[in-house]
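This report covers strand pairing, ring contacts and a pocket.

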Amino acid sequence: MSFIGKVHKVGAHIDTDAIIPARFLVTTDTKKLGEACMEGLEPGWGNRVQEGDIIVADRNFGCGSSREHAPLAISGAGIKAVVGHSFARIFYRNSFNMGLMRLEVGDEVSRIADGDRLEIDPEQGIIRDLDNGAEIRVPALSPMMQTLIDKGGMVNYVKEQLRESGEI
């Protein structure tokens, strides 16, 4: 299942407080968190994001605290995926647990510019820049990781499994 989105490029070492500042952590409502997404980096950032857009980040995206609100805010802003040079380990895991796709591309990130349109095929492990023709290969998502994203995260996945087994 491939998708296309517009790139919003951010720099290196974007921490979770830049993604969703602490003053907005009074809710877990993804829509409200999405409205404040990247307020610590650029006030009003969320106003220019459209449903299905893509963040492209430099090194160490999601560093800082382990707040699960960060991937929720990104999803709530309508972002479909985060493509990055590298990710802080806790953000890497929280992204999948919260149902946010993230793809690590290393130095290839420099081939993507702000405003470009990317076509991402996570099952094939291909990222195509539709504006400059670059094609970046990444490891395809495992079926389990794709399932977590499709279900909206680990909690939704477990709830579904419990419903199917009759336990709830």
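## Strand pairing

I4 stands opposite E119 in β5. G5 faces L118 of β5. These residues belong to an antiparallel pairing: four bridges join β1 (residues 3-10) to β5 (residues 117-121). Strands count as paired if DSSP finds at least two bridges between them. Strands (E, at least two residues) and helices (H or I, at least four) are DSSP runs, numbered from the N terminus. The model is predicted: local features need pLDDT of at least 70, side-chain atom pairs count only at pLDDT 80 or more, and totals for chains, interfaces and linings use all residues. Residues are numbered from 1 along each chain as its sequence is written, and side-chain values use heavy atoms, with hydrogens and water left out.

β5 also pairs with β6 (residues 126-129), again antiparallel and over four bridges. Here E119 stands opposite R128 in β6. The hairpin of β5 and β6 has four residues between the strands, and G125 takes a positive phi near 75 degrees in this hairpin. β1 has a parallel partner in β2, with four bridges. In that pairing V10 stands opposite A57.

## Aromatic contacts

How many aromatic pairs does the count give? It comes to four. Rings of Phe, Tyr and Trp (its six-membered ring) pair if their centres lie within 6.5 Å; planes under 30 degrees apart are stacked, over 60 edge-to-face, and the rest tilted. F61 and F91 form an edge-to-face pair, 5.2 Å from centre to centre with 85 degrees between the planes. F61 lies in the loop between β2 (54-57) and α3, and F91 in helix α4 (residues 89-97), so this pair ties together parts 30 residues apart in sequence.

F87 and F91 have ring centres 6.1 Å apart and planes at 10 degrees, so they are stacked. Are F61 and F91 buried or exposed? Both are buried. Buried means under 20% relative accessible area, exposed over 50%, and partly exposed in between (1.4 Å probe, protein chains only). F91 counts as buried because its relative accessibility is 2%. F87 is buried too, at 10%.

One charge also meets a ring. K80 lies over the face of F3, at 5.3 Å from the ring centre. The rule needs NZ of Lys or CZ of Arg within 6 Å of the ring centre and within 35 degrees of the ring normal.

## The largest pocket

The largest pocket holds about 380 Å³ of space. Of its 21 lining residues, S75, M98, G99, L100 and G152 are the closest to its centre. A pocket is an open set of points on a 1 Å grid over the protein atoms alone, where a 1.4 Å probe fits, with protein on both sides within 12 Å along at least five of seven lines; lining residues have an atom within 4 Å of a point. Grid points are joined across faces, edges and corners, and the volume is the space filled by probe spheres set on them.

Three helices each supply at least two lining residues: α3 (69-76), α5 (143-151) and α6 (154-164). By class, the lining has nine nonpolar, nine polar and three charged residues. Ala, Val, Leu, Ile, Met, Phe, Trp, Tyr, Cys and Pro count as nonpolar, Asp, Glu, Lys and Arg as charged, and the others, Gly among them, as polar.

## A loop residue

R48 is found in the loop between α2 (30-35) and β2. R48 is partly exposed, with a relative accessible area of 35%. The C-alpha atoms of R48 and G106 are separated by 26 Å, and the two residues are 58 residues apart along the chain.
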